[in-house]
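Open the model in your viewer and keep the selection panel at hand.

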Amino acid sequence: MIYYVIALVAIIIDQISKYFVATRMELREQIPVIGDFFLITSHRNQGAAFGILQNQRWFFIVITIIVVAAIIWYIQKVKSRPDKLLPLALSLVLGGAIGNFIDRARMGEVVDFFQFNFGSYTFPIFNVADSCIVVGVALIILDALLDMIREKKQPAKQEEENV
């Protein structure tokens, strides 16, 4: 149950932050947080990451439903594992996916607002849901790497026991 609570907290934080940006800022309005490096910028995205696949609302809705169902199924499958990193990672991805799904289903676009500038390069504007997805995927990769390390250590341990 804790993994669904984590996903719910991610959804709530995402939706509240998007609500404040959407209702208290004009589109393209910017609020500097750390000079020109980090700004809160009111932006809308009708596509996916980095603005790809613009105006594909129904595609994203269908894909998200499939992905959410798969994540819930997989959380159920791995939640009893002694290592809790993977279900935690999946709960973050789940919360992020549902957070952006809500925007797409309601408005046909996603509210984005975190803007980072690195000199003349502006990183694509993103939101809390996107952050949850990225952190979740990074943790899934970390879990896979840790599993590989454990598997390499286990055969060596078994060889020692056989000697």
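Does Thr64 count as buried or exposed? Select Thr64: it counts as buried because its relative accessibility is 12%, where buried means under 20% relative accessible area, exposed over 50% and partly exposed in between, with a 1.4 Å probe and protein chains only.

This is a predicted model, in which local features need pLDDT of at least 70, side-chain atom pairs count only at pLDDT 80 or more, and totals for chains, interfaces and linings use all residues. Residues are numbered from 1 along each chain as its sequence is written, and side-chain values use heavy atoms, with hydrogens and water left out.

Thr64 lies in helix H2 (residues 57–78); helices (H or I, at least four residues) and strands (E, at least two) are DSSP runs, numbered from the N terminus. Leaving aside neighbours within four places in sequence, show Ala97 and Phe101, which are in contact with Thr64 (heavy atoms within 4.5 Å).

Next, select strand E2 (residues 38–45), where seven of eight residues are buried. Strand E1 (residues 30–34) runs antiparallel to E2, joined by four bridges; strands pair if DSSP finds at least two bridges between them. Gln30 has Thr41 in E2 as its bridge partner. Between the strands of this hairpin are three residues, and Gly35 takes a positive phi near 50 degrees.

Finally, select Asp130 in helix H4 (residues 128–162). Leaving aside neighbours within four places in sequence, Asp130 is in contact with Asn100 and Asp112. The C-alpha atoms of Asp130 and Asp112 are separated by 8.9 Å, with the two residues 18 apart along the chain.
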